[in-house]
Amino acid sequence: MTARIISGTAIARQITEEVRADVAELKSRHGVTPGLATVLVGDDPASHVYVTAKVKACLDIGIYSERHDLPGYTPEDDLLALIDKLNKDPRIHGILVQSPPPPHINENRVVCAIDPRKDVDGFHPVSVGRMVIGEPGFLPCTPRGVQVLLERSGIETVGAEVVVVGRSNIIGKPVANILLQKAKGANATVTVCHSATRNIAEHTRRADILITAIGRPKFITADMVKEGAVVIDIGINEIGRTPEGKRILTGDVDFEAVKEKASAITPVPGGAGPMTIVILMSNTIKAAKMAAGVQ
């Protein structure tokens, strides 16, 4: 058996067309243009790539975009003042401060400074609390993207044994919380494994759906996966460069071996990654509708 490949690229392309139509309707029927502000402190190359991709996506689907690039030495108070300004700007419905900031900036303080009504990244304590208790709100983009991948690939989560490898606040914990909710596209039995878990393979071999986000290249081997399992690999690990300088990426899963055992699997790149930006766009549109009182 060779696994069906779950293409995040293809699914993200479908959703992009849907959100583009949603933006057009908001503009034509309600006179509302969704607005997203991105803030980048410092010159981290990967962060620049991510922010550029987000700005490009905004332009592509018709979202108003503001990009604020600040030098790495920017004082925390100056960053907080900018966030306060964006909180008060009616043109801006979503605020994203690219992570990680320089070491002298307290990231938690920055996240908490964002108006929860504009927290399209889904990391504000108000958003996290709503997610945990199952109230409507903004869900973190990559974890929500994983849920959408499963839904649109026809993979049933109700009653499924889901094992999440990784407990970060960005991916592991949110995706676990999302999938255990008593709701459509969730209602699973969820186990979270981490660095202190004994005999991780005993847990992963029980999984109907295995989700990995640990940042360790090819950590999940074929003997750790149940026959017919669905494998969602969120890990992105650089393992080298081509002669032209292009990054060579691999996931947390030994893709070539595991694809012969799984029923469905995401590739890296092209799996969960493309979903992150399209969910960010969707969250921004949601924020704009909320601000305008549009159902």
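Figure 1. P100 sits in the loop that runs between β4 (94–97) and α4 (107–113). In this predicted model, the peptide bond leading from S99 to P100 is cis, and its omega is near 0°. A cis peptide bond also links V268 to P269, with omega at about -5°. P269 belongs to the loop between β11 (264–265) and α10 (273–292). Most peptide bonds are trans, as a general rule.

Figure 2. Most residues other than glycine have a negative phi. N199 is not a glycine, yet its phi is positive, at about 50°. The loop between β6 and α8 (200–204) contains N199. K218, likewise not a glycine, has a positive phi of about 55°. K218 lies in the loop that connects β7 (209–212) with β8 (230–233). The relative accessibility of K218 is 44%, so this residue counts as partly exposed.

Figure 3. T191 is part of strand β6, which covers residues 189–193. Its relative accessibility is 17%; because buried means under 20%, T191 counts as buried. The side chain of T191 makes a polar contact of 3.4 Å with the side chain of R206. Residues up to four places away in sequence aside, T191 touches V162, V163, V164, H203 and R206. R206 is therefore both a contact residue of T191 and its partner in the side-chain polar contact, while T191 itself is buried at 17% relative accessibility.

Figure 4. A188 is located in the loop between α7 and β6. With a relative accessibility of 10%, A188 counts as buried. Apart from neighbours within four places in sequence, A188 is in contact with T157, G159, A160, V162, L179 and L180. A176 lies 12 residues from A188 along the chain, and the C-alpha atoms of the two are 9.2 Å apart.

**Figure 5. Crossing of helices α6 and α7.** Helix α6 (residues 141–152) and helix α7 (residues 172–180) have axes that come within 8 Å and cross at roughly 45°. This angle makes α6 oblique to α7. The crossing of α6 with α7 is right-handed. On the α6 side the contact involves P143, R144, V146, Q147 and L150, and these meet P174, V175, I178 and L179 of α7. Sorted by type, the residues of this contact between α6 and α7 are seven nonpolar, one polar and one charged.

**Figure 6. Packing of helix α1 with α10.** The axes of helix α1 (residues 8–30) and α10 approach within 9 Å, with a crossing angle of roughly 20°. The two helices, α1 and α10, are therefore roughly parallel to each other. Their crossing is left-handed. From α1, the contact takes in G8, T9, I11, A12, I15, T16, V19, D22, V23 and L26. From α10, the contributing residues are P274, M275, V278, S282, I285, A288 and K289. The contact of α1 with α10 comprises 11 nonpolar, four polar and two charged residues.

Notes: Residues are numbered from 1 along each chain as its sequence is written. This is a predicted model: local features need pLDDT of at least 70, side-chain atom pairs count only at pLDDT 80 or more; totals for chains, interfaces and linings use all residues. Side-chain values use heavy atoms; hydrogens and water are left out. Helices (H or I, at least four residues) and strands (E, at least two) are DSSP runs, numbered from the N terminus. Buried means under 20% relative accessible area, exposed over 50%, partly exposed in between (1.4 Å probe, protein chains only). A polar contact is a pair of N or O atoms within 3.5 Å; within protein, one must be able to donate a hydrogen and the other to accept it, and residues adjacent in sequence count only if both atoms are side-chain atoms. Contact means heavy atoms within 4.5 Å. Axes are lines fitted to C-alpha atoms, for helices over the stretch in contact, and angles run from 0 to 180 degrees between N-to-C directions. Angles under 35 degrees count as roughly parallel, over 145 as roughly antiparallel, 65 to 115 as roughly perpendicular and the rest as oblique. A crossing is left-handed if the near helix is turned anticlockwise from the far one by less than a right angle, and right-handed if clockwise. Ala, Val, Leu, Ile, Met, Phe, Trp, Tyr, Cys and Pro count as nonpolar, Asp, Glu, Lys and Arg as charged, and the others, Gly among them, as polar.
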